[in-house]
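Here's a quick briefing to go with the model you've got open. Take a look at the chain first, then work through the notes below.

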Amino acid sequence: MNEKEPAWRAQCRMLAQERAEKEVRAALNLRPEEPIPFNYRWEHVQRVVQVALWLAERTDADREVVEAAAWLHDIRKGEPNHDTIGAVEAGTFLQQSDFPPEKIARVVDAIERHAGLTRPPGAPPLEPLETAVLWDADKLTKLGVSMIAQQLSTRQFDGMSLAERRQEMQKFLRTVLAKTVESMNTAPARHLAQVRYRAMASFLDEWESEEKL
């Protein structure tokens, strides 16, 4: 018999979805009755949960801590110091749920330290392990061909030609994401980051070659 899903999981998922919708509606100035054209934040959060659980299986990180942190890590995105204030709210939220109280502090720590796309060269892996896993999972969603599709759907590319969009993506890949790959904390994340980086580079190179016909 399957174990009953804990209430905290559904509650975390619901809060994450509500905040993602609130963020995109504010960003696009949408009225409540207007449909959302694309909810990048909600897509991102769901992917972070998926990758975080995948990493937890391969690193022996605590699955409950990792999952709760992944659902809640961006609940205050779009606000100053979203990592810090999001961590505080996440802790309070979990205290009112059936989440194991002895694990809440590790969720808070992971959320508080998840921000940023890179870490200093040679920096030791983050500790505890769950904090490292959330950081890696969050950044892995910024790597891969699907990330290119997501980025191109955002408004930062409005007004750009296809060639300009490709050039911006290649620049971002070389100047930022190359450092992201080197910043991974865990071995499984580092390997997957390298695979996804090469896939992005190959895709963008093929795109560029089509422009030269």
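Let's start with Asn29: its relative accessibility is 66%, so this residue counts as exposed, the cut-off being over 50%. Keep in mind that this is a predicted model.

**Asparagines with positive phi**

- Asn29 sits in the loop that links helix H1 (7–28) to helix H2 (40–59).
- Its phi is positive, at about 55 degrees, even though Asn29 isn't a glycine.
- Asn81 also isn't a glycine, and its phi is positive at about 55 degrees.
- You'll find Asn81 in the loop between helix H3 (63–72) and helix H4 (82–95).
- With a relative accessible area of 55%, Asn81 is exposed.

**The annotated domain**

- An unreviewed UniProt entry puts the feature "domain: HD" at residues 41–140.

**H5 against H6**

- Two numbers do the describing when helices pack: the angle between their axes and the distance between the axes.
- For helix H5 (residues 104–112) and helix H6 (residues 129–140), the angle is about 40 degrees and the axes are 8 Å apart.
- That angle makes H5 oblique to H6, since the roughly parallel class only takes angles under 35 degrees.
- As for handedness, H5 and H6 cross in a right-handed way.
- On the H5 side, the residues involved are Arg106, Asp109, Ala110 and Ile111, and they meet Glu130, Thr131 and Leu134 of H6.
- Sorted by class, this contact of H5 with H6 has 3 nonpolar, 1 polar and 3 charged residues.

**A cis bond in the loop**

- Which residues does the cis peptide bond join? They're Glu127 and Pro128, with omega at about 0 degrees.
- Pro128 belongs to the loop between H5 and H6.

**Val181 in H8**

- Val181 is part of helix H8 (residues 162–182).
- Is Val181 buried or exposed? Its relative accessible area is 5%, so Val181 is buried; the limit for that label is under 20%.
- Setting aside neighbours within four places in sequence, Val181 is in contact with Leu143, Arg190, Ala193, Gln194 and Tyr197.
- Arg119 is 62 residues away from Val181 along the chain, and their C-alpha atoms are 10.0 Å apart.

Technical notes
Residues numbered from 1 in each chain as written. Predicted model: local features only at pLDDT ≥ 70, side-chain atom pairs only at ≥ 80, totals over all residues. Heavy atoms only, no water. UniProt positions renumbered as here; feature names shortened; annotations may be inferred. Axes fitted to C-alpha atoms, helices over the stretch in contact; angles between N-to-C directions. Helix = DSSP H or I, 4+ residues; strand = E, 2+ residues; numbered from the N terminus. Parallel < 35°, antiparallel > 145°, perpendicular 65-115°, else oblique. Left-handed = near helix turned anticlockwise from the far one by under 90°. Contact = heavy atoms within 4.5 Å. Nonpolar A, V, L, I, M, F, W, Y, C, P; charged D, E, K, R; others polar. Buried < 20%, exposed > 50% of the residue type's maximum accessible area, 1.4 Å probe, protein only.
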